[in-house]
Amino acid sequence: MHSDQDLRCRVCGYSSEEPPWGADGKSPLYDFCPCCGVEHGYQDSSQIGARSYRAEWIAAGAKWEDPDAEPEGWDLTEQLLHVPPEFK
Ligand SMILES: [Zn+2]
């Protein structure tokens with residue numbers, strides 16, 4: 001079982017089916033978040049990196065990387081609450 005937090009994108013708080021950084025939090029999948037488009041293992045490998053990617057993504061309009069994955073009535077503010085605390 002993965003905890004909810006393990007499944008969350010460090011940049012945008014999106015909940016994946018697989019933990020983006022692996023079960024141990026140290027084995028990034030090097031795949032792309034369908035929401036913010038971060039590549040897990042690169043821009044999100046530090047708090048500073050996650051913060052700066054997040055700021056740029058939001059400044060650019062917080063567009064979904066995969067628009068088909070965007071749920072109806074999606075709420076950015078609510079999702080951001082789920083960013084793991086150490087990457088906020
Ligand atoms: Zn994301």
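Just past helix α1, Gly61 takes a positive phi of about 105°. This is a predicted model, in which local features need pLDDT of at least 70, side-chain atom pairs count only at pLDDT 80 or more, and totals for chains, interfaces and linings use all residues. Residues are numbered from 1 along each chain as its sequence is written. Overall, the chain has two helices and zero strands (DSSP runs numbered from the N terminus: H or I of at least four residues for helices, E of at least two for strands).

- Ala62 belongs to the loop between α1 and α2 (76-80), and it counts as partly exposed because it has 16 C-beta neighbours inside 10 Å.
- Tyr30, another non-glycine, has a positive phi near 55°.
- Tyr30 sits in the segment before α1 and counts as exposed, with 10 C-beta neighbours inside 10 Å.
- For these labels, buried means 20 or more other C-beta atoms within 10 Å of a residue's own, exposed means 12 or fewer, and partly exposed is in between, with C-beta atoms placed from the backbone.

**Helix α1**
- Helix α1 covers residues 47-59, and at 1.5 Å a residue its 13 residues should span 18 Å, which agrees with the 18 Å between its end C-alpha atoms (the expected span is 1.5 Å times one less than the number of residues).
- Ala50, Tyr53, Arg54 and Trp57 are the buried part of α1.
- Looking down the axis of α1, its buried residues fall within an arc of 100°, so they line one face of the helix (the arc is that of the directions from the helix axis to the C-beta atoms).
- Over on the other side of α1, Ile48, Ala55, Glu56 and Ala59 are exposed.

**Core and contacts**
- The largest nonpolar core has eleven residues, including Cys9, Cys12, Cys33, Cys35 and Cys36, plus Ala50, Tyr53 and Trp57 (a core being buried Ala, Val, Leu, Ile, Met, Phe, Trp, Tyr and Cys residues joined through C-beta atoms within 7 Å).
- Setting aside neighbours within four places in sequence, Cys35 is in contact with Cys9, Cys12, Tyr14, Trp64 and Glu65 (contact means C-beta atoms, placed from the backbone, within 7 Å).

**Whole chain**
- Of the 88 residues, 25% count as buried.
- The C-alpha atoms fill a box of roughly 30 × 25 × 20 Å along the principal axes.
- Among contacts between residues at least 6 apart in sequence, 49% join residues at least 24 apart.

Methods
Two residues are in contact if their C-beta atoms, placed from the backbone, lie within 7 Å.
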